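User: I'd like to learn how to read this model feature by feature. Can we start with the ligand and then move on to the sheet and a helix?
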Amino acid sequence: DVQTGDEAGSAPLIVVSNRLPFVLTRDKIGKLRRSHSAGGLVTALGPVVIKCGGLWIGWPGSHDMRTLDEIPEPDIPNGGLKSQQVKAVLVRQELFDSFYNGCCNGTFWPLFHSMPDRAIFSSETWKSIPLKDQHTKTKSVQAYQEVNEEFALKTIDALRQVHSRLLKEYNGNEDVMPVPVVWIHDYQLMLAAAMIRQVAIEENLACKLGFFLHIPFPSWDIMRLFPWDDQILEGILACDMVGFHIDDYCTNFIECCQRRLGCRVDHANGNVEYDNRTVHVRPLPIGIPFNHFQELALKAPRVMKDERVVLGVDRLDYTKGLVQRIKAFERLLERHPEHLERVVLMQIAVPSRTDVKEYKALKEEIDQLVGRINGRFSTADWSPIRYIYGCISQDNLAAFYRDSAVALVTPLRDGMNLVAKEFVACQINETGVLILSPFAGAGGTMREALLVNPYEVDMVSEMIHKALIMDVGERQRRMKLLRERESSMDVDYWMASFLREMQLVECAITGSPSSIPV
Ligand code: ADQ
């Protein structure tokens with residue numbers, strides 16, 4: 001009896017994420033357009049929000065304040081959430097930049113990926129913070145709080161709206177009314193739940209609060225480096241249920257609550273006692289729209305030449321291990337020259353956070369590395385590395401996934417990693433080999449992949465060699481098992497599992513009779 005939004009009386013779902021499921025832009029004549037976002041989260045959650053009469057709260061990708069009242073309807077009828085089903089959070093550009101580039105991507109992204117040296121604070125600067133840094137640091141945290149507050153206020157608006165509709169539908173009988181579920185996503189919104197809970201209690205707005213973190217949750221030793229770690233933990237604990245991709249992240253979170261806040265915890269059952277409530281902490285590994293990718297792979301025309309391709313697909317981000325990976329491919333060509341002129345590394349990198357200095361530097365480093373290796377090994381009609389810096393269509397992506405001999409998914413640290421799963425879904429001939437980092441969440445479940453430490457460049461090169469010479473029987477045996485698991489544990493399964501966990505938790509904020517209109 002998993003909630004999918006289909007059944008009558010199912011709880012309305014309010015999704016809160018940094019981005020709305022589409023992007024707003026103005027065209028040349030000033031008309032507002034919405035471009036559809038094709039991510040797995042949108043495809044899975046969008047229909048549920050529509051069916052259960054819920055709402056989606058997020059930033060529309062534009063700082064233009066006029067957008068608030070004029071979000072255009074989707075081009076395709078029923079193809080997306082209608083304007084009244086979304087609430088856009090609009091934030092001044094400087095504030096948003098300080099929140100997004102400052103705190104989210106400058107501090108939490110590196111810290112939560114266990115790379116504290118890259119975070120915009122360090123243990124040295126805490127003790128004696130130069131005035132200027134102190135100012136920026138404080139500003140970022142305030143920006144984070146302020147933006148989270150904006151999201152919380154919109155969510156409260158949404159809750160009020162959903163409540164008054166339910167009260168009408170159920171003739172004011174709150175005892176039989178379904179309890180709305182608020183599902184907050186990711187590291188941009190770790191404080192929002194605390195503010196939502198406070199107002200919901202004050203206004204008797206019954207609801208259940210859930211949170212899912214898409215990136216890793218670091219160990220206590222890393223988390224405690226953040227000077228306001230207690231606020232982050234308390235922000236998350238304002239929820240009734242908290243989901244992470246894997247067990248390790250749950251364990252880290254529970255340990256942080258115990259050691260930093262002194263909470264009573266139950267590791268075995270994944271419970272944290274906080275504020276006279278039990279917060280349920282669950283591992284819920286995300287999946288992909290498996291059938292969608294498989295269908296794309298069945299239809300997509302061939303786009304690659306007839307050669308053996310080792311494929312990498314990533315956002316250009318320092319957590320993805322691109323430099324180490326490219327060096328490992330160079331090492332392969334040195335150690336196993338039989339692959340010269342026979343194998344290519346196709347690296348597709350989506351531009352990401354391009355206005356951040358560190359990301360610009362990484363792009364330059366990769367440009368140079370690719371240039372040097374191609375200069376070293378290329379012949380008249382063959383180059384070892386083909387490098388695409390840009391976004392490619394899902395059709396082409398599916399064709400690359402389908403026709404590659406090997407996928408190299410070697411992040412230094414990654415919450416889950418969807419590329420590994422998309423590759424497997426597109427492997428309709430089941431002959432490709434997945435090489436996977438154990439430091440991706442996916443490394444914990446995709447056991448039939450070849451697992452290798454991405455920092456050990458020699459071993460990665462040997463793993464590529466092993467994959468390239470693996471006999472077809474073994475390749476198919478491994479791929480079949482990987483495909484079976486990913487097709488059953490797809491994104492719909494993940495969503496249903498989260499919502500089922502939400503159904504099981506008790507509502508700690510109950511509406512009181514005073515909220516029933518007379
Ligand atoms: P991301 O860090 O964005 O997600 P990932 O899970 O690999 O990482 O997803 C990337 C997505 O971008 C994939 O769906 C992929 O198809 C797409 N993509 C990559 N390169 C592309 C290109 N050149 N053109 C078009 N599309 C491209 C965060 C966490 C992850 C976690 C997800 C979901 O960091 O660990 O798996 O959220 O929870």
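User: By class, how many nonpolar, polar and charged residues does the shell around the ligand have?

Analyst: Keep in mind that this is a predicted model. The shell has 11 nonpolar, 3 polar and 4 charged residues.

User: Which residues are the closest to the ligand?

Analyst: Of the 18 residues that surround the ligand, the closest are His-214, Val-350, Gly-415, Met-416 and Leu-418. Strand S12 (308-315), strand S13 (343-350) and helix H13 (418-426) each give two or more residues to the shell.

User: Now the sheet. In what order do the strands come?

Analyst: The general idea: strands of a sheet pair through backbone hydrogen bonds, either parallel or antiparallel. Here 6 strands form an open sheet with parallel pairing, ordered S14-S13-S12-S15-S16-S17. Strand S14 (385-389) and strand S17 (450-451) stand at the edges with a single partner strand each, so one side of each has no neighbour in the sheet. Val-310 has Val-406 in S15 as its bridge partner.

User: Which residues of helix H14 are buried, and which are exposed?

Analyst: Val-460, Ser-461, Met-463, Ile-464 and Ala-467 are buried in H14. These cover an arc of only 155° around the axis, which means they sit on the same side of H14. Asp-458 and Ile-469, on the other side of H14, are exposed.

User: What do the buried residues of H14 pack against?

Analyst: Their packing partners are S12, helix H10 (322-335), S15, strand S16 (433-436) and S17.

Definitions and conventions:
Residues are numbered from 1 along each chain as its sequence is written. This is a predicted model: local features need pLDDT of at least 70, side-chain atom pairs count only at pLDDT 80 or more; totals for chains, interfaces and linings use all residues. A residue is near a molecule or strand if its C-beta atom, placed from the backbone, lies within 6 Å of it. Helices (H or I, at least four residues) and strands (E, at least two) are DSSP runs, numbered from the N terminus. Ala, Val, Leu, Ile, Met, Phe, Trp, Tyr, Cys and Pro count as nonpolar, Asp, Glu, Lys and Arg as charged, and the others, Gly among them, as polar. Two strands pair if DSSP finds at least two bridges between them. A residue is buried if 20 or more other C-beta atoms lie within 10 Å of its own, exposed if 12 or fewer, and partly exposed in between; C-beta atoms are placed from the backbone. The arc is that of the directions from the helix axis to the C-beta atoms. Two residues are in contact if their C-beta atoms, placed from the backbone, lie within 7 Å.
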